[in-house]
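Student: Could you walk me through this protein chain with a few questions and answers? I am new to reading structures.

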Amino acid sequence: MTFFDWHGDQEQAVGFATYDRDPNAEEVDVKAVRAYRIGRVRAEMAAREIDACILSDAVNIRYATDTRNMQVFTARNEASRYLLLTAKEAILYEFTGCMHLADGIETITEVRPAITASFVAAGDQIAEREKAWAAAMASDLNALVGPKATVGMERLNAGAIIALGAAGFNLVDAQEPLERARAIKSTEELKCVRASLRATEAGMASLRAAIRPGITENQLWSVMHQAVIAQNGDYCETRLLSSGNRTNPWFQESSPKVIGENELVAFDTDVVGCFGYYSDFSRTFHAGPGKPSPAQRDLYKTAHEQVHYNMGILYPGMSFKEYADAAWNIPEKYHANRYYLSSHGVGMTGEYPYLYHHADYADAGYDGILEPGMTICMESYIGEENGPEGVKLEQQVLITETGIELLSEFPFEEDLMR
């Protein structure tokens with residue numbers, strides 16, 4: 001286990017330069033990644049007798065075809081960009097002026113202009129635009145898979161879905177086949193995951209080096225975002241960086257607060273990084289210049305114990321229920337402010353499955369099996385209700401044929417472990 005002693009010899013920081021390398025250095029076979037992913041989606045569609053899927057979620061489009069375009073913008077502008085996927089065809093309906101962006105992507109069989117069925121695009125004519133969208137899509141579906149086909153849908157505005165349903169198609173939810181497909185990573189995909197993690201770790205090292213009393217949370221968070229973009233990552237999906245009393249409870253976003261002396265600084269990466277893969281690990285630091293207090297160390301060591309205990313019980317073939325029953329029990333004084341789940345899947349974003357704490361399983365949990373090829377994030381947040389500070393830690397791991405492999409390599413803080 002590697003630790004970083006921030007209050008020790010500053011030359012130790014030079015070792016972080018090993019993270020700062022070309023994120024593409026693993027020589028990923030991108031065409032193999034694309035073929036695997038679109039094959040996974042089509043196999044899951046076939047297993048459910050889904051003839052076609054209409055995908056509008058930007059991440060699902062990227063997973064299925066490896067095309068990207070204004071991923072954050074299109075995530076909130078419905079029907080501005082969407083994909084019609086069948087067993088043989090992948091027709092991308094692209095945003096205005098952007099049809100050239102898919103040039104050379106072999107997963108795409110054709111690019112057509114999108115009919116943007118949103119209120120911002122159509123105004124008072126929205127109902128007519130939705131009907132036009134549905135009529136055009138019905139025509140394409142009839143040509144490709146025939147009338148009354150089963151069509152998987154996701155993330156489209158209600159009017160467009162209602163209009164398409166009125167055309168006689170059997171509409172079903174596309175979430176399950178997409179989530180099932182994304183859950184199992186190929187060998188080439190894992191190269192993308194590792195490259196994204198190494199680049200994010202370089203960004204985390206830059207953030208760690210910038211921590212000092214007097215800097216604001218927002219200034220510190222900007223260091224991470226700049227490093228991610230500079231290394232060809234995409235964006236930070238959240239801004240979960242907080243300090244001092246804003247570390248408890250969790251889920252407080254980065255703010256103009258000035259980081260004070262000897263406060264804890266907690267951070268969750270949530271980076272959509274290189275190749276579009278999610279780097280998701282959390283660390284908590286001490287701002288100095290003094291030593292961490294006994295209370296701060298206790299919080300940190302407790303969170304560290306939870307993460308590593310739960311990593312130690314994982315094995316391929318374990319059911320989600322078995323995991324919940326065997327997982328680390330949160331001490332009562334930390335239970336109220338616990339993280340909302342124990343661990344979760346991760347790929348191009350946080351994804352299936354969610355694994356819940358034993359106390360929450362009866363109300364929120366569902367069963368399933370941990371399979372080789374799943375990448376899982378092990379979570380911990382430790383902070384007393386109304387307590388002064390809290391600690392967030394998280395590790396990203398791979399389920400293998402024989403156990404697990406640690407994927408996130410950023411070190412823990414030695415002065416908080418003593």
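This is a predicted model: local features need pLDDT of at least 70, side-chain atom pairs count only at pLDDT 80 or more; totals for chains, interfaces and linings use all residues.

Student: How many helices and strands does the chain have?

Tutor: Happy to start there! Helices (H or I, at least four residues) and strands (E, at least two) are DSSP runs, numbered from the N terminus. By that count, the chain has 14 helices and 19 strands.

Student: Why is the chain called as compact as a globular protein of its length?

Tutor: We compare two values of the radius of gyration, which is taken over C-alpha atoms; the globule rule is 2.2 Å times the number of residues to the power 0.38. For 418 residues the rule gives 22 Å, and the chain is close to that, so it is as compact as a globular protein of that length, with a radius of gyration of 23 Å.

Student: Which residues does UniProt place in the "Peptidase M24" domain?

Tutor: UniProt positions are given in the numbering used here, feature names are shortened, and annotations may be inferred rather than shown by experiment. According to the unreviewed UniProt entry, the domain covers residues 192–401.

Student: Is serine 118 buried or exposed?

Tutor: Serine 118 sits in the loop between β5 (110–113) and α4 (119–122). Leaving out residues up to four places away in sequence, serine 118 touches Glu78, Gly123 and Ile126 (contact means heavy atoms within 4.5 Å). Buried means under 20% relative accessible area, exposed over 50%, and partly exposed in between (1.4 Å probe, protein chains only). With a relative accessible area of 8%, serine 118 is buried.

Student: Which residue does a cis peptide bond join to tyrosine 352?

Tutor: Look in strand β15, residues 350–355. Omega is about 0° for this bond, and the partner of tyrosine 352 is proline 353.

Student: What is the phi of phenylalanine 251?

Tutor: Phenylalanine 251 lies in the loop between β9 and β10. With a relative accessible area of 44%, phenylalanine 251 is partly exposed. Although this residue is not a glycine, its phi is positive, at about 70°.

Notes
Residues are numbered from 1 along each chain as its sequence is written. Side-chain values use heavy atoms; hydrogens and water are left out.
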